[in-house]
Amino acid sequence: MGWTLAFAAVAALFVLISGANDGATLIGLGMRFPHTPGWVAAVILGAVLFAGPYALGVAVARTFTEGLAGLGTRDGALVFLAGVVTAVAVVAVLTGRGLPTSLTLALIGGVSGAGLGAGLPVSWGRLVTVLAIGLAAPLAGLVLGYALGAASRRAPSYRRMPRLVLGGHLLAYAAQCGAYAVNDGQKMIAVVSVAVDVSRDGLGRVGDVAVSPAWMAGLTALFLAGALTSLTRVGERLGRGLVITRPLHVVSAETAATAAVLGSSALGSPVSMTQSVTAGVVGVVASEGTRRVRWQGVLNVGTAWVVTLPSSMLLGCVAGLAVRLL
């Protein structure tokens with residue numbers, strides 16, 4: 001019973017922090033478009049997140065539970081818990097300071113480091129591939145954002161243009177939410193799936209990822225609750241503190257981030273939607289001149305990301321060693 005409660009508490013906290021970090025960023029950017037109420041952005045995100053694993057599969061969630069370290073041993077679940085706790089601790093500190101860092105990157109580092117510290121085999125080739133794709137996705141978002149931003153300046157202006165742009169925004173935002181559900185959002189599915197397994201079978205190996213509609217509904221509700229707690233701080237930092245945006249900027253950035261994340265999803269590799277969104281926004285606004293970008297905000301976010309991987313891997317290794325010595 002004790003381990004069941006521990007896993008459940010960590011899983012709930014992980015989902016809340018995912019909402020505060022990722023959900024606030026997605027909703028905050030969506031609200032930067034005129035005439036888009038926050039509740040509309042939240043409903044679209046929640047609906048797509050809930051339907052994601054059933055419509056699009058859970059390949060990325062399996063990367064967290066199967067592709068980083070050999071968690072199919074008797075201590076697999078405990079090592080995974082150590083990695084999750086590490087990721088939560090690292091990102092909680094950065095999120096508390098209003099920095100939208102990558103919880104995905106922290107989880108990759110935490111689980112890999114915990115596996116290494118516990119003496120489990122670490123899939124170094126897979127880890128390097130995941131990190132390379134994770135780095136390439138924001139760069140792709142940056143380039144695509146720049147190209148779309150430059151193209152949007154050549155778009156003709158006529159009377160129905162505002163409605164067309166609004167329609168494009170809703171489609172692009174829904175697609176962006178879908179990209180999150182099929183990729184970055186699946187880290188939550190991985191964590192909750194392991195917690196459910198422990199509640200049913202006790203401590204042991206990490207099993208296959210299975211998604212129940214009941215707990216998926218609870219996950220979605222917790223995620224949105226977390227987003228609301230941090231929406232003003234994180235969402236406005238992305239929308240106003242990082243760069244200055246316009247309606248076409250928002251649509252272009254959403255499209256760029258969606259394309260970058262979906263491309264990574266096709267390879268089954270988890271990437272950070274927060275990173276891709278930020279890169280897309282910076283690329284779009286930089287297409288109108290680098291002076292439009294608030295580089296201090298970009299530097300603050302970049303610093304948080306650089307710190308995330310090494311700190312989570314190091315702390316995860318220490319946590320894994322503690323598990324090994326139990």
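Mentor: What follows is a set of questions about labels, each answered from a value and a rule.

Mentor: This is a predicted model, in which local features need pLDDT of at least 70 and side-chain atom pairs count only at pLDDT 80 or more, while totals for chains, interfaces and linings use all residues. Residues are numbered from 1 along each chain as its sequence is written, and side-chain values use heavy atoms, with hydrogens and water left out.

Trainee: How many helices and strands does the protein have?

Mentor: The protein has 12 helices and zero strands. Helices (H or I, at least four residues) and strands (E, at least two) are DSSP runs, numbered from the N terminus. Read along the sequence, the pattern is α-α-α-α-α-α-α-α-α-α-α-α.

Trainee: What makes tryptophan 3 and phenylalanine 7 an edge-to-face pair?

Mentor: Rings of Phe, Tyr and Trp (its six-membered ring) pair if their centres lie within 6.5 Å; planes under 30 degrees apart count as stacked, over 60 as edge-to-face and the rest as tilted. For tryptophan 3 and phenylalanine 7 the centres are 6.5 Å apart and the planes stand at 65 degrees, so the pair is edge-to-face. By this rule the protein has three aromatic pairs. Tryptophan 3 and phenylalanine 7 both lie in helix H1 (residues 2-31), four residues apart, about one turn of the helix.

Trainee: Why is tryptophan 3 called partly exposed?

Mentor: Buried means under 20% relative accessible area, exposed over 50%, and partly exposed in between (1.4 Å probe, protein chains only). Tryptophan 3 has 43% relative accessibility, so it counts as partly exposed. Phenylalanine 7 has a relative accessible area of 3%, so it is buried.

Trainee: What kind of aromatic pair do phenylalanine 50 and tyrosine 54 form?

Mentor: The pair is tilted, with 5.8 Å centre to centre and 55 degrees between the planes. Both residues lie in helix H2 (residues 38-56), four residues apart. Phenylalanine 50 has a relative accessible area of 30%, so it is partly exposed. Tyrosine 54 is partly exposed because its relative accessible area is 41%.

Trainee: Is threonine 232 buried or exposed, and how do you know?

Mentor: Threonine 232 has a relative accessible area of 57%, so it is exposed. Its place is in helix H9 (residues 213-242). Threonine 232 and threonine 25 are 207 residues apart in sequence and 9.7 Å apart in space, C-alpha to C-alpha.

Trainee: Why is H5 described as largely enclosed by the rest of the structure?

Mentor: Of the 15 residues of H5, 14 are buried, so the helix is largely enclosed by the rest of the structure. For the protein, buried residues make up 55% of the 326 residues.

Trainee: How do you know what span is expected for H5?

Mentor: The expected span of a helix is 1.5 Å times one less than its number of residues. H5 has 15 residues and reaches 20 Å from its first C-alpha to its last, close to the 21 Å expected.

Trainee: What does serine 269 touch?

Mentor: Contact means heavy atoms within 4.5 Å. Not counting residues up to four places away in sequence, serine 269 touches Val60, Arg126, Val130, Ile133, Asn183 and Ser264. Serine 269 is found in the loop between helix H10 (247-266) and H11, and at a relative accessible area of 0% it is buried. Valine 130 lies in helix H6 and counts as buried, at 0% relative accessibility.

Trainee: What lines the largest cavity?

Mentor: On a 1 Å grid over the protein atoms alone, a cavity is a set of points where a 1.4 Å probe fits but cannot get out, and a pocket is an open set with protein on both sides within 12 Å along at least five of seven lines; lining residues have an atom within 4 Å of a point. The largest cavity is lined by Phe7, Val10, Phe80, Leu81, Val84, Val191, Val194 and Ala195. About 40 Å³ of space lies in the largest cavity, where a volume is the space filled by probe spheres set on the points, and grid points are joined across faces, edges and corners.
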